[in-house]
Amino acid sequence: MSGTLPENWVEVPIKEIADINPPPDRCPINDGIEVTFLGMSSVLPEHRGISEPAPRPYHEVSRGYTRFVEGDVLFAKITPCMENGKVVVADNLTNGIGCGSTEFHVLRARHGVDPGWLSRFLWRSDIRHLAKGQMSGGVGQQRVPTSFFDGLTIPVAPTHEQSRVVACLDETLAKIDEAQESLERVRKNLERYRASVLKAACEGRLVPNESERARREGRDFEPASKLLARILVARRKAWETSQLEAYRKKGTTPPTGWKSRYPEPQAPDTSKLPKLPDGWCWATIDQLCSRITSGSRDWSPYYGTGPGVFVMAQNVRMGRFDLWSIQLVNPPKDNRDRDRSLIQKDDLLVTIVGAKTGDVCRVDVELEEHFVCQSVALLRPALACAAKYLEAFLCSENGGQAHFRKFTYGQGRPHLGFDQLQAVIVPLPPAREQEVIIEKLEEIVSSLSKVQGAGVNEILRCHTLRQSLLKHAFSGKLVPQDPSDEPASILLERIRAQRKEQAVAAKASTARAKKTPAAKANKITAARRKVSSGKSAAKTKT
């Protein structure tokens, strides 16, 4: 695993230098003393240490939990905690004792082996990869078995060099962690800035007001009220077209007065709404969209083949249509849901079920044979020219997102209903002002994306550098070698001798226990029970 090692190092199975899940210490403990309790959430991912350890009375946690002592290494064995790097040295324990989640493996370093040496070795991503390959169990409940450690080898440096390596690692990794935390702060600040830009755009504060510009330039302008009137006309026309197509497919003639069946859209109640910039007006999503629907619930028999794509919630990212992962589908041509759920360019997609409920994106490409699934709502603007602005508003924390947060229901599996989508109230700018807003937004978002991309690359570099340091540490390349250090081979001999002595002592203790009066009495009682059982069996047979 480690390649060529320094001359005074050795590589051995990890179980030779550490006890894996050792039995609890049999020394009597006062049930009333306090010990440290560590749940899985108390151990931070990516070797970030322990957060908020909780002292608890020993009698409350002595049964049903994993027990460990000062200096033990805790290794999360369940997914996804193991993959997230939840490995830590249990230190500063109350009264030197800890209890915690049963999802920890416990490794107890032998004398002469630094617990930090063990834990830093287990921080390596290649070790996690090996452990993941040996996981077993059901989906979401996979665990690393104890047998994983049987085949795991570890490079062992001389005792003093272990301490030097751990100290150097901790100092350097702390600087990397600090740099990464700074990058994370920058990323969050950029997200906050993006949110403030969207808010300003939807409140008329991002670009000059169109009515004011028109007055200064001495020209006419179309207020949003006229734009809304055109949208409502287009909405009704889209409904009539769809109704005529439905009659055509059925082979029937539209009945007299069929146009009167048109469902008028819900208008907003503006009595309690704030004042808008000059030329703007309020409108509902119901008024602005000619179609609000979701996909089929029974297309699973058609999955896996065909030219079609079933667009899932995972394809809807906030402000981004993502087709990196797709589900192929081939529904029959005459399926009643096919036309209803077919996606067009400039449609708006909203996740309406699950953890990402409320995520919104605009379809920014021409598509063929792409259909929304039942967990995604399709909103089709009656006029495509309004699609980009609607996407910006629905992505805004103080706009569509605030509405979604208010009306999302269901704690276990969040949902948004069509009624809630239709009722979203939008501050609608004039068409020309929308164009200027979107142009400015795209300019700002493009710049932000470049900075965010650079930040993500730097965060990835931190991860790569961290793993490179760990690799160097366990190949003898991190700190200089000291010829005066006792070779690790001598340390290993001492550990093996100690194990042998402990095995002999344990065997002798067991033998002595068998000679005690209590043991003899138990043996006699067991013999009598055996004889009595035999007599009863014989009598029954007779």
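**Reading strand 8 and its surroundings**

Strand 3 (residues 34–38) pairs with strand 8 in the parallel sense, over three bridges.

Me: Before I trust that, what kind of model is this, and how are residues numbered?

Reply: This is a predicted model, where local features need pLDDT of at least 70, side-chain atom pairs count only at pLDDT 80 or more, and totals for chains, interfaces and linings use all residues. Numbering runs from 1 along each chain as its sequence is written, and side-chain values use heavy atoms, with hydrogens and water left out.

Me: OK, which residue is the bridge partner of Thr-36 in strand 8?

Reply: Strands are DSSP runs (E, at least two residues), numbered from the N terminus, and two of them pair if DSSP finds at least two bridges between them. Here Thr-36 has Gly-98 as its bridge partner. Strand 5 (residues 66–69) runs antiparallel to strand 8, joined by four bridges, with Val-69 opposite Ile-97.

Me: And which way do the residues of strand 8 point?

Reply: In a regular strand, side chains alternate between the two faces of the sheet. In strand 8 (residues 97–100), Ile-97 and Cys-99 point one way, Gly-98 and Gly-100 the other, and all are buried. Buried means under 20% relative accessible area, exposed over 50%, partly exposed in between (1.4 Å probe, protein chains only).

Me: How many residues of helix 2 are buried?

Reply: Helices are DSSP runs too (H or I, at least four residues). Helix 2 (residues 115–122) has seven of its eight residues buried, including Trp-117 and Phe-121.
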